[in-house]
Amino acid sequence: MVSLTREQLAQMAGTTERTIARIELEEGGPPRKGTANAIRTALEAAGVEFTDDGGPGVRLKAKAA
């Protein structure tokens, strides 16, 4: 969807690559709320839009004309 490495996402979210890897691999339970919010904010800054159109999902933000 967006081309971010773990390193880039971790840096944008103010966390570590290992934390991103653990979340991706679903290790250790759900992330802390603050970490999840920081990752969401980083993804939104990269152009991801979180949706709830009949269920949770994501899409790329529409580009302004």
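**Entry 1**

I began with the definition of an axis: axes are lines fitted to C-alpha atoms, for helices over the stretch in contact, and angles run from 0 to 180 degrees between N-to-C directions. I noted that this is a predicted model, in which local features need pLDDT of at least 70, side-chain atom pairs count only at pLDDT 80 or more, and totals for chains, interfaces and linings use all residues. Residues are numbered from 1 along each chain as its sequence is written, and side-chain values use heavy atoms, with hydrogens and water left out.

**Entry 2. Overall layout**

I looked up the elements and found 3 helices and 2 strands in the protein. Helices (H or I, at least four residues) and strands (E, at least two) are DSSP runs, numbered from the N terminus. Read from the N terminus on, their order is α-α-α-β-β. I recorded a span of about 40 × 25 × 20 Å for the C-alpha trace along its principal axes. Of the 65 residues, 18% count as buried; buried means under 20% relative accessible area, exposed over 50%, and partly exposed in between (1.4 Å probe, protein chains only). I also looked at contacts, where contact means heavy atoms within 4.5 Å. Among those between residues at least 6 apart in sequence, 32% join residues at least 24 apart.

**Entry 3. Helices α1 and α2**

I asked at what angle the axes of α1 and α2 cross. Helix α1 covers residues 6-13 and helix α2 residues 17-24; their axes come within 8 Å and cross at roughly 110°. The two helices are therefore roughly perpendicular to each other, a label used for angles of 65 to 115 degrees, while under 35 counts as roughly parallel, over 145 as roughly antiparallel and the rest as oblique. On the α1 side the contact is made by Arg6, Glu7, Leu9 and Ala10, and on the α2 side by Glu17, Ile20, Ala21 and Glu24. I sorted these residues into 4 nonpolar, no polar and 4 charged. In this sorting Ala, Val, Leu, Ile, Met, Phe, Trp, Tyr, Cys and Pro count as nonpolar, Asp, Glu, Lys and Arg as charged, and the others, Gly among them, as polar.

I then followed Arg6, which is placed in helix α1. At 37% relative accessibility, Arg6 counts as partly exposed. Leaving aside neighbours within four places in sequence, Arg6 is in contact with Glu17, Ile20, Ala21 and Glu24. Arg6 and Glu24 are 18 residues apart in sequence and 9.8 Å apart in space, C-alpha to C-alpha.

**Entry 4. Faces of the helices**

Which residues of α1 are buried? I found Leu9, Ala10 and Ala13. Seen down the axis of α1, these buried residues fall within an arc of 100°, so they line one face of the helix; the arc is that of the directions from the helix axis to the C-beta atoms. On the other side of α1, Glu7 and Gln11 are exposed. The buried residues of α1 are covered by elements including α2 and α3.

For α2, I listed Thr19, Ile20 and Ala21 as buried. They pack against α1 and α3, the latter being residues 33-45.

**Entry 5. The nonpolar core**

I looked up the largest nonpolar core and found 8 residues: Leu9, Ala10, Ala13, Ile20, Ile39, Ala42, Leu43 and Val48. Such a core is a set of buried Ala, Val, Leu, Ile, Met, Phe, Trp, Tyr and Cys residues joined through side-chain atoms within 4.5 Å. I checked Ile39 in particular: not counting residues up to four places away in sequence, Ile39 touches Leu9, Ala13, Ile20 and Ile23.

**Entry 6. After the helices**

I noted that α1 is followed by Gly14, whose phi is positive, near 70°. Glu26, in the loop between α2 and α3, also has a positive phi, near 55°, in a residue other than glycine. Most residues other than glycine have a negative phi. Glu26 is exposed, with a relative accessible area of 70%.

**Entry 7. The strand end**

Is Thr51 buried or exposed? At 17% relative accessibility, Thr51 counts as buried. Thr51 lies in strand β1, residues 48-52, and, with neighbours within four places in sequence left aside, is in contact with Pro56, Gly57, Val58 and Arg59. I placed Asp53 in the loop between β1 and β2 (56-60). Asp53 is exposed, with a relative accessible area of 58%. The C-alpha atoms of Asp53 and Ala38, 15 residues apart along the chain, are separated by 23 Å.
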